[in-house]
Amino acid sequence: MKKIEGSPKNLKQLLQNTKYAIHDYQREYMWQKNHIEELIDDLTSEFLEYYKPEDDRSKVADYGVYFMGSIVLAGRENAIIDGQQRLTSLTLILIHLVNRLRVIGKSYNLIEAMIYSEAFGKKSFNINVDDREECMGALFRGDVYDVTNASESVVNLCCRYNDISTTLPVHIKDEMLLHFCDWIAEKVFFIEIVAAAE
């Protein structure tokens with residue numbers, strides 16, 4: 001008998017210092033350019049509904065929320081059963097934001113803690129898939145990753161990251177970055193459904 005529990009969680013609550021597994025039999029990261037562009041369009045248009053250039057960052061607390069649907073987890077090992085395409089894509093967006101902040105001489109520790117965490121002196125990504133680790137590390141450092149002989153997931157990760165890098169700056173200018181980071185962390189919500197064996 002399985003017990004299913006659902007609770008609303010924002011992206012910060014879902015990703016910060018939490019490790020997720022993706023089983024081998026789960027499908028690859030498959031999102032294409034149109035999927036990532038649609039997500040960026042949805043997120044940025046929702047954010048820009050509220051954002052005003054004169055807003056102090058504390059005003060973001062009053063901005064509206066964006067609901068991303070449900071994420072389904074297998075309780076004991078925190079494996080993502082449903083939602084890995086969206087969570088992986090959001091992680092790529094977070095990596096892009098960290099890299100842009102770096103370029104303008106700023107940093108945001110909370111966003112970094114949503115991408116990776118550290119234990120016993122070793123950093124690892126919060127969505128932890130062995131064959132993606134090297135590629136994700138390169139993207140996080142702002143390096144170009146060679147996709148020759150890479151898996152379908154890794155090729156798609158690199159391509160979608162490039163799509164984010166060309167699409168997101170059109171909507172979110174540098175002066176909005178910290179407000180947008182606050183909003184993504186605090187105001188983007190999922191319903192987390194945990195299926196746990198009794």
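Visitor: In which loop does Asn149 lie?

Guide: This is a predicted model, in which local features need pLDDT of at least 70, side-chain atom pairs count only at pLDDT 80 or more, and totals for chains, interfaces and linings use all residues. Residues are numbered from 1 along each chain as its sequence is written, and side-chain values use heavy atoms, with hydrogens and water left out. Helices (H or I, at least four residues) and strands (E, at least two) are DSSP runs numbered from the N terminus. On that numbering, Asn149 is found in the loop between α5 (133-141) and α6.

Visitor: What is the phi of Asn149?

Guide: Most residues other than glycine have a negative phi. Asn149 is not a glycine, yet its phi is positive, at about 65 degrees.

Visitor: Is Asn149 buried or exposed?

Guide: Buried means under 20% relative accessible area, exposed over 50%, and partly exposed in between (1.4 Å probe, protein chains only). The areas come from the Shrake-Rupley method. With a relative accessible area of 79%, Asn149 is exposed.

Visitor: How many salt bridges does the structure hold?

Guide: Side chains of opposite charge can pair when their charged atoms come close. A salt bridge requires a side-chain nitrogen of Lys or Arg within 4 Å of a carboxyl oxygen of Asp or Glu. By this criterion the number of salt bridges in the structure is eight.

Visitor: How many residues apart in sequence are the parts tied together by Lys12 and Glu186?

Guide: The side chains of Lys12 and Glu186 form a salt bridge, with N to O at 2.9 Å. Lys12 belongs to helix α1 (residues 11-15) and Glu186 to helix α7 (residues 177-187), so the parts that this pair ties together are separated in sequence by 174 residues.

Visitor: Which residue forms a salt bridge with Asp182?

Guide: Asp182 is buried, because its relative accessible area is 10%. In this salt bridge the closest N and O atoms are 2.7 Å apart, and the partner of Asp182 is Arg57.

Visitor: Where is the place of Glu152, a residue of the negative surface patch?

Guide: Patches are made of residues with over 30% relative accessible area and no salt bridge, like charges being joined within 9 Å. Asp24, Glu28, Asp130, Asp131 and Glu152 form such a negative patch. Glu152 counts as partly exposed because its relative accessibility is 44%. The element that contains Glu152 is helix α6 (residues 152-171).

Terms used
Patch = residues over 30% accessible without salt bridge, like charges linked within 9 Å, V, L, I, M, F, W, Y side chains within 5 Å. Areas by Shrake-Rupley, 256 points an atom, 1.4 Å probe, with all protein chains shown as cover. Lys, Arg positive; Asp, Glu negative; His and termini not counted. Charge placed at Lys NZ, Arg CZ, Asp CG, Glu CD.
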